[in-house]
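The entries below follow the order in which I looked.

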Amino acid sequence: YDVLVPPCQSKVPRQDAHVPFIRHMAEKYGLSMGYDPCISEMTSEYIMQPEVLKAIHAIPDTGRVWPSTPKAWSYNQGSAGEKKNIAEIFPRFFKEAPHWTIWVVSGTADAAVPLLGTERWMECLKRPVKSEWAPWKLHGDVAGMVREWDRLSLVTVKGCGHTIPTYCPEAGYEFFANYLGQARNASVELQVVI
């Protein structure tokens, strides 16, 4: 789910599953893209290994194939479900959990949940804007942008697809460390007004 990288060619044998463009760049120019577009194909194999299940404190269940969801569970719960419009859930958060620090993070190259759509529904909440877009930096370079509303922030991670730790692990780690209040390398602290 990244508009900046080619997709996995999963119909071919594993050893040839890498995208021809990435192989071409490596062979012709000696460039390493540093990204395997087929990584999601390998995730279930990895996560089901006994030592990984133990490390993440998951109960081994040989009858369950990962990833899967519990019975009668739906990601969007259909057109009548409470998740049909995520913007409708947030007023409840503001009312019932006034102590929450809410950050919404979006990779700027996310093809699954595009940044513009995320910003649009956040604007529909009609929260007062606390600060307009400002950059946050990592090693002196812009790593993303932050926009703050009352009790809500949108943080972008530049050049990242849907799963930020996959596409941009260092920036993803710094974003999360910042959220937890443990910023190390970001030269602009990501702020949230509570």
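The model is predicted, and in it the sulfur atoms of Cys160 and Cys168 lie 2.0 Å apart, forming a disulfide. I then searched the whole structure and found one disulfide.

Next I looked up how accessible the cysteines are. Cys160 has a relative accessible area of 0% and is therefore buried, and Cys168, at 14%, also counts as buried because the cut-off is under 20%. Cys124, by contrast, has 39% relative accessibility, so I noted it as partly exposed.

I went on to the surroundings of Cys168 and, leaving out residues up to four places away in sequence, I listed Val157, Lys158, Gly159 and Cys160 as the residues that Cys168 touches.

Which residues have the most contacts inside the largest nonpolar core? I noted Trp136, Val155, Val157, Cys160, Cys168, Ala171 and Phe175, in a core of 13 residues. At least two residues of this core come from each of β2 (129-138), β3 (141-149), β4, α6 (164-167) and α7 (169-179). I also recorded a second, separate core of twelve residues, Ala87, Phe90, Ile102 and Trp149 among them.

Last, I turned to strand β1 (residues 103-107), where four of the five residues are buried, so the strand is largely enclosed by the rest of the structure. β1 runs parallel to strand β4 (residues 152-157), and five bridges join the two; I noted Trp103 opposite Ser153 in β4.

Technical notes:
Residues are numbered from 1 along each chain as its sequence is written. This is a predicted model: local features need pLDDT of at least 70, side-chain atom pairs count only at pLDDT 80 or more; totals for chains, interfaces and linings use all residues. Side-chain values use heavy atoms; hydrogens and water are left out. Buried means under 20% relative accessible area, exposed over 50%, partly exposed in between (1.4 Å probe, protein chains only). Two strands pair if DSSP finds at least two bridges between them. A nonpolar core is a set of buried Ala, Val, Leu, Ile, Met, Phe, Trp, Tyr and Cys residues joined through side-chain atoms within 4.5 Å. Contact means heavy atoms within 4.5 Å. A disulfide is a pair of cysteine sulfur atoms within 2.5 Å.
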